[in-house]
Amino acid sequence: MKVYLVTGGAGFIGSNYIKYMLKNYKDIKIIILDKLTYAGNLGTIKDEIKDPRVEFIKGDIKNKDLVNNIFYRYNIDYVVNFAAESHVDRSIENPQVFLKTNVLGTQNLLDVAKSHWIIGEGRDGYPIYKEKVKYLQVSTDEVYGSLSKDYDRAKELVLDDQELKNIVKDRVELKTYGKRFFTEDTPLDPRSPYSASKASADMIVMAYAETYKMPVNITRCSNNYGPFHFPEKLIPLMIKKILGGDKLPLYGDGTNVRDWLYVKDHVKAIDIVLNKGSIGEIYNIGGFNEEMNINIVKLIIDSISKIVKEEVDYQEILNTNLEKINYDLITFVKDRLGHDHRYAINPTKIATELGWYPETNFKAGIERTIRWYLDNQDWVKEIISGDYCEYYQEIY
Ligand code: NAD
Ligand code: DAU
């Protein structure tokens, strides 16, 4: 039986990963280590922590003694590190906690894992590791910086399901898009304190891979959306505000582009990389789904109006009249400092080497996500703790 240490498992992507793993594997043990910051919530994994295959430990990935004890006690085979400070706006306000958690936390996990996994020394002087152990660092496309405004033909890539599968399988076609996208060979060029901290973490992971030959992978994913997404990020924030009849703050002129991936497709990719990824390799994970922020917000407005019109029971949730849910809610506000213009991933490597491709059509994924928020208003209320409210009072 494999034992997984999943850090940040009470957050958005980590919790979706745990749900995926428990559903798909019977014979596993998952140890969740999470500090339960403002972004982590036990309500998100309330069913999972009752599962006999799961242990939850509240604690900090920087705490060496704690992580050491976890390794002694549970004999960890895999570390999947989701734990991080993840919100760019917060990193602009307060960079230091990003460096502490994202860089030093990562280094601590690597160090402890290394010390437990080494079983000897080879003739070449490099450590020999236990068989079938691995450290996986969950990273981001933001480490590559920002793609230019010159190529904003995002529309070319809005494909239906079958087209998507065909294009991902067609390596040659993908290569023609290559230069306009981030590949694993794109030089690191982080531009926000958040992305600088994630790039630093990636570099320390690769340093352990080179120096100590530690078995690692890094995954670099584009923007996720889906259930349990904390309502400070664009999509859940807009859903929450629309339901409340509040103005929708779009930074700058709303033309910045992100590449959106349904979270369930992302966690499947992580599982595949952990099982099949070549040691020491980096894999980009993207949705082939670029869109301008303004179009995302319009789509959410349209989808909510449609769903609520069709299903009257949802109208009770609205804190506004249905007619007021329209594009007039959009308000252009001061731009994010150093706002990266465009992110777009080329996931050819993971598609061709490991057989993963994004499965969820964006419109369907957004509708599913909106319905999830409509059905889980108690979760939204619970997660919006004092810390979150204080932060938003400062910003707006
Ligand atoms: P999140 O903010 O929703 O969750 C982060 C979790 O980490 C929370 O549960 C929090 O309590 C925990 N945590 C924070 N500091 C900790 C510490 N010092 N010790 C232990 N736990 C701590 O983040 P997310 O959106 O789920 O992102 C997960 C990972 O994926 C992050 O590393 C992020 O950089 C990366 N990522 C996110 C996206 C995205 O679109 N959300 C895309 C690509 C990569
Ligand atoms: O690309 C992957 C990254 O995606 C992850 O590494 C980060 O952890 C994750 O937070 C996300 O970063 P972004 O900065 O792209 O996501 P965010 O949801 O904060 O913003 C998405 C876009 O929407 C961005 O261009 C800023 C804009 N925006 C955001 C908010 C919160 C607005 O216009 N208004 C808003 O209120």
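These are my notebook entries on a predicted model of a protein chain with its ligands.

**Ground rules**

Residues count from 1 along each chain as its sequence is written, chains get letters from A, and ligands get numbers from 1, in the order in which they are written. Since this is a predicted model, local features need pLDDT of at least 70 and side-chain atom pairs count only at pLDDT 80 or more, while totals for chains, interfaces and linings use all residues.

**Whole chain**

I looked up the helices and strands, and the protein chain has 14 helices and 14 strands. Next I checked burial: 43% of the 396 residues are buried. Buried means 20 or more other C-beta atoms within 10 Å of a residue's own, exposed means 12 or fewer, and partly exposed is in between, with C-beta atoms placed from the backbone. Among contacts with a separation of 6 or more, 84% are between residues 24 or more positions apart; a contact is two C-beta atoms, placed from the backbone, within 7 Å.

**The UniProt record**

An unreviewed UniProt entry lists "domain: NAD(P)-binding" for residues 5–149 and 180–369. Positions there use the numbering used here, feature names are shortened, and annotations may be inferred rather than shown by experiment. I took the span 180–369 and found 41% helix and 16% strand, with its end C-alpha atoms 29 Å apart.

**The sheet**

I traced an open sheet of 7 strands with parallel pairing, in the order E3-E2-E1-E4-E7-E8-E12. Strands pair if DSSP finds at least two bridges between them. Which strands stand at the edges? They are E3 (54–58) and E12 (282–285); each has a single partner strand, so one side of each is left without a neighbour in the sheet. On average, neighbouring strands here are turned by 20° against each other, direction ignored.

I zoomed in on E4 (residues 78–81), which runs parallel to E7 and is joined to E7 by 4 bridges. Tyr 78 stands opposite Lys 134 in E7. Helix H4 lies across E1 (2–7), E4 and E7, at about 180° to E4. Helix H7 (residues 193–212) lies across E7 and E8 (216–221), at about 155° to E7. Angles run from 0 to 180 degrees between N-to-C directions, using axes fitted to C-alpha atoms, for helices over the stretch in contact.

**Around ligand 1**

There are 31 residues around ligand 1, and Gly 8, Gly 11, Ala 39, Gly 40 and Ala 84 come nearest. To be near, a residue needs its C-beta atom, placed from the backbone, within 6 Å. Elements giving two or more residues to this shell include H1 (12–24) and E2 (28–34). H1 has the largest share, 3 residues.

**Around ligand 2**

Here I found 19 residues, with Ser 86, Thr 140, Lys 233, Leu 234 and Tyr 251 nearest. Helix H8 (234–244) and strand E10 (248–251) each supply at least two residues, and the largest share, 3 residues, is from E10.

**Two lysines**

Lys 132 sits in the loop between E6 (127–129) and E7. Its phi is near 55°, a positive value in a residue other than glycine. Is Lys 132 buried or exposed? With 9 C-beta neighbours inside 10 Å, Lys 132 counts as exposed.

Lys 213 is in the loop between H7 and E8, with phi near 55°. Lys 213 has 18 other C-beta atoms within 10 Å, so I noted it as partly exposed.
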